[in-house]
Amino acid sequence: MKAAKRPIHAVTTWVHRQPPKVKAFLGVVSAMTALVFLRMIVHDHDNLFVAAEAVHALGISVLIYKLTKEKTCAGLSLKTQELTALFLAVRLYCSFVMEFDIHTVLDSATLVTTLWVIYMIRFSLKASYMEDKDNFAIYYVVIPCAVLSVLIHPSTHHHIINKISWAFCVYLEAVSVLPQLRVMQNTKIVEPFTAHYVFALGIARFLSCAHWVLQVLDTRGRLLTALGYGFWPIMVLLSEIVQTFILADFCYYYVKSLMGGQLVLRLPSGVV
């Protein structure tokens with residue numbers, strides 16, 4: 001078993017020692033390789049979006065287990081859960097008035113469980129909530145997202161309120177995990193269930209990003225024109241890429257810790 005870990009440890013150690021530019025290059029190459037792999041094995045790329053929702057729901061299930069079995073919410077960010085509930089609620093509104101499909105059902109289930117997590121943190125397990133560590137000011141993301149959605153939104157035939165709401169939930173989803181990353185940055189030690197949850201978010205973000213990128217490639221760019229004109233199509237792709245790379249660094253250390261057999265994830269200075 002130890003012999004199997006040595007090559008992995010050697011690779012992760014080598015990557016860790018590389019300068020930021022090399023790490024960024026390796027990250028891009030890894031992402032491109034994963035996209036090519038997904039394109040080969042997944043024929044209907046809409047399934048990637050469904051898979052992203054399913055992985056997000058799995059992450060929420062991990063939180064439910066943590067809250068019910070361990071009776072503690074230590075290490076969790078209430079603000080990330082509130083931002084998640086906000087963008088899910090807005091996205092559900094858009095789904096009902098603009099289109100109703102499987103994503104509406106999945107978002108409904110995720111919203112219900114997210115609201116339950118919020119209730120548990122705010123009331124039932126309030127004594128274990130690390131409020132002093134959860135110190136990210138959410139208006140730093142909510143206000144810019146609201147302003148940006150007014151300036152850049154879809155150019156479809158829908159009502160202006162619906163178009164702005166659609167843009168707002170896209171932008172807010174991209175940055176909703178920032179308070180959780182701040183909590184982990186403040187504590188430096190991430191217990192297993194919280195780490196599993198954040199890693200699930202990272203995988204979900206990557207699958208969602210892969211869905212959009214592969215759809216654009218398959219339609220030879222026609223999907224971008226279907227989304228509208230102006231800056232909106234670019235902002236959709238940019239939001240997907242941003243939320244993927246926000247969690248990329250954490251996912252690297254998560255996998256490294258998992259391969260090393262460590263149950264508790266310890267983050268170096270400067271991570272997330």
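Hi everyone, let's start with two residues: Lys-66 and Glu-191 are both buried, where buried means under 20% relative accessible area, exposed means over 50%, and partly exposed is anything in between, using a 1.4 Å probe and protein chains only. We'll come back to that pair in a moment.

A word on the model first. This is a predicted model, in which local features need a pLDDT of at least 70 and side-chain atom pairs count only at pLDDT 80 or more, while totals for chains, interfaces and linings use all residues. Residues are numbered from 1 along each chain as its sequence is written, and side-chain values use heavy atoms, leaving out hydrogens and water.

Now the overall picture. The protein has 11 helices and two strands; these are DSSP runs, numbered from the N terminus, with at least four residues of H or I for a helix and at least two of E for a strand. Of the 272 residues, 44% are buried. Two residues are in contact when heavy atoms come within 4.5 Å, and among contacts between residues at least 6 apart in sequence, 78% join residues at least 24 apart.

Which kind of link joins the side chains of Lys-66 and Glu-191? They meet in a salt bridge, 3.0 Å from N to O. Lys-66 sits in helix H3 and Glu-191 in the loop between strand E1 (189-190) and helix H9 (192-218), so the bridge ties together parts that are 125 residues apart in sequence. A salt bridge here is a side-chain nitrogen of Lys or Arg within 4 Å of a carboxyl oxygen of Asp or Glu, and five are counted. In general, side chains of opposite charge can pair when their charged atoms come close.

Let's move to Arg-91, which is buried at 14% relative accessible area. Its side chain meets that of Asp-107 in a salt bridge of 2.9 Å, N to O. Because Asp-107 lies in helix H5 (residues 102-124) and Arg-91 in helix H4, this pair ties together parts 16 residues apart in sequence. Asp-107 is buried, at 1% relative accessibility.

Arg-91 also forms a salt bridge with Glu-173, with the closest N and O atoms 3.0 Å apart. That pair links distant parts of the chain, helix H4 and helix H7, 82 residues apart. Salt bridges with shared partners join Glu-53, Arg-91, Asp-107 and Glu-173 into one network. Glu-173 counts as buried at 13% relative accessibility, and beyond its neighbours within four places in sequence it is in contact with Phe-87, Arg-91, Arg-205 and Gln-243.

On to the rings. Rings of Phe, Tyr and Trp (its six-membered ring) pair if their centres lie within 6.5 Å, and planes under 30 degrees apart count as stacked, over 60 as edge-to-face and the rest as tilted. There are seven aromatic pairs by this rule. In one of them, Tyr-171 and Trp-232 have ring centres 6.1 Å apart and planes at 75 degrees, so the pair is edge-to-face. Tyr-171 is in helix H7 (residues 160-175) and Trp-232 in helix H11 (residues 232-259), 61 residues apart. Tyr-171 is buried at 4%, and Trp-232 is buried at 1%. Together with Trp-166, these two are linked by ring pairs into a cluster.

Finally, the surface. Tyr-139, Tyr-140, Ile-143, Val-147, Val-150 and Leu-151 form a nonpolar patch with about 660 Å² of accessible area together. Patches are made of residues with over 30% relative accessible area and no salt bridge, joining like charges within 9 Å and nonpolar side chains (Val, Leu, Ile, Met, Phe, Trp, Tyr) within 5 Å. Val-147, in helix H6 (residues 139-151), is partly exposed at 46%.

The unreviewed UniProt entry annotates "transmembrane region" over several spans, including residues 104-125 and 137-154; its positions follow the numbering used here, feature names are shortened, and annotations may be inferred rather than shown by experiment. Residues 104-125 are 95% helix and 0% strand, with end C-alpha atoms 30 Å apart. Residues 137-154 are 72% helix and 0% strand, with end C-alpha atoms 28 Å apart.

How values were computed
Areas by Shrake-Rupley, 256 points an atom, 1.4 Å probe, with all protein chains shown as cover.
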